[in-house]
Amino acid sequence: MKKLLEIDNLYINFKTLWGVAKVLNGVSFDIREGEIFGLVGETGCGKSVTALSILRLLPPNAEISGRILFKGENLLEKPEDEMRRIRGKEISIIFQDPMTSLNPLFRVRDQMLDIIELHEGLSREEAEKHAEKLLKAVGLSDPERILNSYPHELSGGMRQRIMIAMALSSNPSLLIADEPTTALDVTIQKQILELILDLRSRYNFSVLLITHDLGVVAEVCDRVGVMYAGNIVEVAPTEELFENPLHPYTQGLLSVVPDPRIKKPLKPLRGSVPSLLNPPGGCRFHPRCIYAKDICEEIKPELHEYSPGHFVACHLYGGESGD
Amino acid sequence: MKFREYVIYRLVLAVFVIVGVVTVVFFISRVIPSDPAALWVGAHPTPEAIEKAREQLHLNDPLLKQFGYYLWSLIHGDLGVSIRTHNPVAQDLKSAFTATFELILVAEFLAVIVGIPLGVYSAVKKDSWLDNLSRIFAISGVSLPAFWFGIVLQLIFFKHLGLLPLAGRVGTVVMLEHPLHVITGFYLLDSLITGNFPVFVDALKHLILPAVTLAMYPVGLITRQVRSMMIEVLNENYIRTAWAYGLPPKKIYFKYALKNAIAPALITVGLSFAYTLIGAFLVELIFNWPGLGRYAAYAIMSMDYPAVLGVTIIAATAYVFINLIVDLIQVRLDPRIKL
């Protein structure tokens, strides 16, 4: 399959009052056309920053290096006005918190139509028809009423559906979903995930799904990247990752997923997530790793293909820098 | 509660507020030792004349009865006769009120069209030279005394540049050559309606300096409030959404963010409007503006209690109505506010 998005050696630092936070530490992965790529990791590991960097929405105190190739063009070199034509048209994003992602003082109509008119060049009437069609497509049965509503009059699930409808309004080739179900209750979560799957098969866009929930990953993703403290530590097809996790961090993550069928105590990872102001040298996971060797403190392991399609960044599995 | 019911409810409350204020001011003005009768008859009075005036003004009646007289005529739209000018207070007030109202309208308009964009750009370009400059400007506007600022403007634009008139509402010569047919009492409006262009231009010229002087304070406040609210709002998730969908910056700042940031500035405009109606007497004095503040100051100094009460009624009514209007606009702006 063709690669739609390629992130190549992305480094992001934030200048803060307390020093420079090294938030992304050489992140590389790619998303193919039509696939759902999951990015998992704990809070603060850099998932959302990665998402925002693709759309160039990071705050001005961020320093970025590396390449983000979208359809072969480096987004980091594009002028701002060209980026504005990509945002919401070629690449759309839905955010974690549907309760605050819509503007409270404007009707849904205003917010949706502004975007549709902008990207599709439609008249107000045509845009309204398009919006109604989109709202129906995301399972909202009374589009007229939804368009007339203010966000506070709608439930969280409805708002997230509206966000999805907005995201799909220009038929984007990439949908970034940043924890799209985290703020919703479980039944609504399932509906939203199924909706994304269903729409993907109809409109054939790729999805970058960011989550900390391995259950969500197992349910919808084709491939998964595991992030730890600003690094991608493992990339594999979903089934392969769950059956044969290589990186000690991935193994640790999977061992803390409770299985209701087997009654055994969970084994939590020892230690806690390092500060990104002063991250550990070498492999950033080494202070928490039960297999850590001397080399892990010295040299950062690079991501390499251990078995076909299964990449890992760990000295336990050899690789170029492990020699 | 429905919109109309709410407005009626507030208007009923307003009547109580205004009656309350009138009561308090009436008794205070009578408790202060002074002799309105002596003022009424003028210089070198005979004791008989003063006694006659006292009868005429009901000053010999018990205080409560005097208050009854006053309320009775107030209900009939009669505010009494000014002791100082011997004109009906209502007539005095009408011309003073329109003069001040016209001035404040222009001043607040200036404050809004300068303060809001300045606040927005200050927030957008936070900590840039533009922001620093606008903050210095804003803090000067709030802290420099208006009368001092007015005098400086007169020095520059009248004395040195000779561009604008020193004081007054309209030039005497212009008024003699092109008599203005007064309809509403707002000179700009009346001259426009009647097509009296020379008076319009002259009145506008006279208006500029006092209006700019009065605008300084609200401009400073509005700039600061819009700036700090905008900084907050620009960090909200829904603004990030707007960026993420490629909306143009102007639309994000002035449509999606500003509506969320405007409320405190709106209240400032309302309150400074009401305050300036009476509170601008120093500026009115400097620019010899025949307005309400000046009228109120003279009325108080000469113990002209019918005039003082009249001014009080106007001020109280203005506060009540402007607060009501501001509240109603807030409701219109934010659908989450329930009446």
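Which residue is the bridge partner of A:V40 in β9(A)? The partner is A:V226. This is a predicted model.

- Eight strands of chain A make up an open sheet with mixed pairing. Their order is β6-β7-β8-β3-β9-β10-β12-β11.
- β6 (91–94) and β11 (304–307) of chain A stand at the edges. Each has a single partner strand, so one side of each is left without a neighbour in the sheet.
- From one strand to the next, the twist averages 20°.
- Helix α7 of chain A, residues 156–167, lies across β6 and β7 (174–178) of chain A. The helix runs at about 175° to β6(A).

**Strand β9 and its partners**

- Strand β3 of chain A, residues 36–40, runs parallel to β9(A), and four bridges join the two. The pair of A:V40 and A:V226 belongs here.
- Strand β10 of chain A (residues 231–237) runs antiparallel to β9 of chain A (residues 223–228). Six bridges join them.
- A:Y228 faces A:N231 of β10(A) across the pairing, standing opposite that residue.
- β9(A) and β10(A) form a hairpin with two residues between the strands. A:A229 in this hairpin takes a positive phi near 45°.
- Is β9(A) largely enclosed or left open by the rest of the structure? Six of its six residues are buried, so β9(A) is largely enclosed.
- In a regular strand, side chains alternate between the two faces of the sheet. From β9(A), A:R223, A:G225 and A:M227 point one way. A:V224, A:V226 and A:Y228 point the other way. Residues on both sides are buried.

**Domains of chain A**

- Domain 1 of chain A covers 3–90 + 170–322, and domain 2 covers 103–169.
- The centres of the two domains, taken over C-alpha atoms, are separated by 30 Å.
- Their contact takes 15 residues from domain 1 of chain A and 12 residues from domain 2 of chain A.
- On the domain 1 side, helix α8 of chain A (residues 186–203) gives the largest share, six residues.
- By class, that side of domain 1 has 10 nonpolar, four polar and one charged residues.

**The nonpolar core**

- Nonpolar side chains tend to be buried together in soluble globular proteins.
- The largest nonpolar core has 174 residues. A:L208 and B:V311 touch the most other members.
- Helix α10 of chain B (residues 197–233) supplies the largest share of this core, 18 residues.
- What does B:V311 contact, leaving aside its neighbours within four places in sequence? The partners are B:I278, B:L292, B:Y295, B:A296 and B:A299.

**Where the chains meet**

- The contact between the chains takes 24 residues from chain A and 17 residues from chain B.
- On the chain B side, α11 (237–244) and α12 (249–261) each supply at least two residues.
- α11(B) gives the largest share of that side, six residues.
- The residues on the chain B side divide into eight nonpolar, four polar and five charged.

Definitions and conventions. Residues numbered from 1 in each chain as written. Chains lettered and ligands numbered in written order. Predicted model: local features only at pLDDT ≥ 70, side-chain atom pairs only at ≥ 80, totals over all residues. Contact = placed C-beta atoms within 7 Å. Nonpolar A, V, L, I, M, F, W, Y, C, P; charged D, E, K, R; others polar. Domains from an automatic or database assignment. Pairing = 2+ DSSP bridges. Axes fitted to C-alpha atoms, helices over the stretch in contact; angles between N-to-C directions. Core = buried A, V, L, I, M, F, W, Y, C linked by C-beta atoms within 7 Å. Buried ≥ 20, exposed ≤ 12 C-beta atoms within 10 Å, placed from the backbone.
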